[in-house]
Amino acid sequence: AAAQLALTGELAVNTLTTGNQFEPAVALRPDHGFVVTWESDGADGDEFGVRARRFTNAGAGVGNEAGVNDVTVFTQRLPAIGVDGSGNFRIVWQTEVVQNDFGVAARPFAADSTPQAVQFGVNVFTAGFQHNADIAVAADGSFVVVWQDDGQQADQDIFLRTFDADGDPTSAEIAVNQSEGFFRARPAVAMDALGNLVVAWEAELVGELHNIYARLFDADGAPLTGEFRVNATVAGAQKAPDVARQGTGEFLVVWESFGQDGDQTGVYGQRFTALGAASGPEFRVNLGTVDSQLEPSVGLAADGTAVVAFRDVSRGVLGRAFAADGSNFGGDFRISEPSPLDRGHPAIAVAGNADFVVA
């Protein structure tokens with residue numbers, strides 16, 4: 001991260017090239033190999049399906065892509081992924097279980113990509129839409145899923161549920177947000193070495209525009225704090241959060257902010273202590289401010305080094321790296337290779353030594 005030295009050129013992830021491939025997510029394995037998952041139009045024979053592919057730590061693909069979902073009717077979209085300490089991985093996604101009725105599904109895989117179970121439903125409450133899921137996986141393979149629920153309460157809300165390594169639930173659905181308002185959406189979750197959780201989301205509350213909120217939970221899903229606002233600047237609109245957490249509990253939230261950097265949308269961040277207190281001021285991630293910088297994705301190394309990937313509408317996917325003390329390792333650096341075509345929706349995974357991979 002400090003050197004910002006690309007170890008490979010761009011690598012083609014998908015082996016199937018018919019239709020469109022969207023919304024990647026990526027996770028690093030203990031050996032610094034990685035797994036990428038994404039949604040693919042028509043790959044499973046009926047609308048969108050979820051795919052995945054493994055890579056070595058040198059960036060070589062291990063076999064061809066494979067299907068994640070074993071239920072193929074209607075659409076399967078918006079995957080998220082996490083890896084445990086043995087390289088096993090879990091993928092969650094938005095599944096259309098009945099036409100125009102979405103829920104959240106999950107499936108566990110062994111380190112060699114062998115499915116360990118058929119896909120199963122994450123949410124218990126099924127009325128309305130359950131979608132925009134994210135996942136965090138512990139070293140022992142247990143995991144937590146968060147999602148946006150558009151039907152369980154009066155408004156759109158955020159829920160979480162915990163699972164053991166076999167995919168058996170260890171909690172009921174747990175309401176994350178406390179506030180009332182117009183909506184809560186697009187949650188992101190991260191976990192420390194003890195399994196303690198931080199969940200961040202965007203919200204439009206009564207008397208406010210869009211802001212970013214967060215809340216801390218223990219490994220069992222019991223709340224450790226009330227919800228709190230992440231962003232200090234409230235003018236404009238704050239959207240699309242992502243969050244990363246160190247093993248010791250400190251965490252960093254990044255998001256899009258409209259109008260704050262002087263020209264359309266920019267990317268901002270805020271560090272927090274393990275107890276949820278702001279650590280230092282809110283800061284701007286993107287150095288260049290022409291046009292929009294948006295769609296941030298963040299990862300933290302063991303020493304607190306942070307790497308943020310984001311989309312610059314004029315230049316493609318860029319990144320910026322920061323030391324734990326808030327200083328930066330230089331300006332924006334290019335992640336995607338120059339192209340006249342669109343590059344966006346980056347997903348980043350950062351290793352303990354600050355090596356990182358971006359899809």
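Residues are numbered from 1 along each chain as its sequence is written. In this predicted model, local features need pLDDT of at least 70, side-chain atom pairs count only at pLDDT 80 or more, and totals for chains, interfaces and linings use all residues.

**Exercise 1.** Describe the overall fold: which secondary structure elements occur, and why does the radius of gyration agree with a compact globule?

*Solution.* 
- Start with the elements, taken as DSSP runs (helices H or I, at least four residues; strands E, at least two) numbered from the N terminus. The protein has 26 strands and zero helices.
- Next, take the radius of gyration over C-alpha atoms, with the globule rule of 2.2 Å times the number of residues to the power 0.38. For 359 residues a compact globule would have a value near 21 Å, so the protein's 19 Å agrees.
- Then turn to the C-alpha trace, which spans about 45 × 45 × 35 Å along the principal axes.
- Finish with burial (under 20% relative accessible area, 1.4 Å probe, protein chains only). Of the 359 residues, 54% are buried.

**Exercise 2.** Work out how far apart in sequence the contacting residues lie.

*Solution.* 
- Begin with the criterion: a contact means heavy atoms within 4.5 Å.
- Keep the contacts between residues at least 6 apart in sequence.
- Among these, 45% join residues at least 24 apart.

Terms used
Side-chain values use heavy atoms; hydrogens and water are left out. Buried means under 20% relative accessible area, exposed over 50%, partly exposed in between (1.4 Å probe, protein chains only).
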